Amino acid sequence: MRASARRKRFALTVETDATLTLHTPAGRSTAEAEQFVRAHRDWLLTKRRERERTRPLSPVKQLADGEVFRCLGRTYRLAVSGEEGAGGGVRLVAGRLVMGPDLAAEPQAGRAALVDWYCRAGRRWTGQRLQPWAARMGVAEPELDVRDLGDRWGSYRPPQAGAGAKGLMSLGWPLFQLPMHLIDYVIAHELAHVKVSGHQEDFWRLLRVALPEYEERRADLDELGRRLWMGDVR
């Protein structure tokens, strides 16, 4: 419960972790607060169920032999190996992600190396997909970047001032754990922003023409996306 002298009314919020916060005006009684909560019980239950349904379930990974990582919908196991060291990074060798023991012993350095591998793999794969999708949607092909975007899957920045400037499409590295058809959805989504900013009806109309099943893919992304590894290590 949070009281504020500036607040004039009671209010309830459901936080991202599904906990509840009651905002109260200063000086109001506990009985009044309880009455307000009881009056909004149905609303609270509905909102809390929604939060639970969409709450992130991101796993925490160990930098140890056998830990599972996914890329483009496929599963790879981590191998910590001095003989097949990755030269200070991570690389894919015979179906395994190989990391040297020095990196595995330093969680943050190991995490950074894995993120770098996802960024490189994402750039390579998307580089082959971007032009066909841009042509399909009738938009100019933007520059591409894959990096950490926090909790966003992608973003688009229009061209900056200057002759021959291109827009920039950025994709978040965790995206590349997903199956390829869901990554394609995000690519198409961001390319639609080349023509239309915001998410009004004309945006979704353009996306629907290029990808008629976009609503199904968006729902799958919402469900699978909250289960991806977002970089937490122990």
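**Aromatic pairs and a lysine**

Author: In this predicted model, the count comes to eight aromatic pairs.

Reader: Take Y118 and W173, then: how far apart are the ring centres, and is the pair stacked, tilted or edge-to-face?

Author: The ring centres of Y118 and W173 are 5.5 Å apart and the planes stand at 35°, so the pair counts as tilted, given that stacked needs under 30 degrees and edge-to-face over 60.

Reader: Which parts does that pair tie together?

Author: Y118 belongs to helix α4 (residues 107–137), while W173 is in the loop between β10 (168–172) and α5, so the pair ties together parts that are 55 residues apart in sequence.

Reader: Are Y118 and W173 buried or exposed?

Author: Y118 counts as buried, with 0% relative accessibility, and W173 also counts as buried, at 1%.

Reader: Which cluster do they sit in?

Author: Ring pairs link Y118 and W173 with F69, W117 and W229 into a cluster; over the ring of F69 sits the charged end of K61, 5.3 Å from the ring centre.

Reader: Switching topic, where is K195, and is K195 buried or exposed?

Author: K195 is in helix α5, which covers residues 180–195, and counts as exposed because its relative accessibility is 53%, where the cut-off for exposed is over 50%.

Reader: What does K195 touch, leaving out residues up to four places away in sequence?

Author: On that basis K195 touches M137, G138, V139 and L206. Separately, the C-alpha atoms of K195 and P158 are 9.6 Å apart in space, although the two are 37 residues apart in sequence.

Conventions
Residues are numbered from 1 along each chain as its sequence is written. This is a predicted model: local features need pLDDT of at least 70, side-chain atom pairs count only at pLDDT 80 or more; totals for chains, interfaces and linings use all residues. Side-chain values use heavy atoms; hydrogens and water are left out. Helices (H or I, at least four residues) and strands (E, at least two) are DSSP runs, numbered from the N terminus. Buried means under 20% relative accessible area, exposed over 50%, partly exposed in between (1.4 Å probe, protein chains only). Contact means heavy atoms within 4.5 Å. Rings of Phe, Tyr and Trp (its six-membered ring) pair if their centres lie within 6.5 Å; planes under 30 degrees apart count as stacked, over 60 as edge-to-face and the rest as tilted. A charge sits over a ring if NZ of Lys or CZ of Arg is within 6 Å of the ring centre and within 35 degrees of the ring normal.
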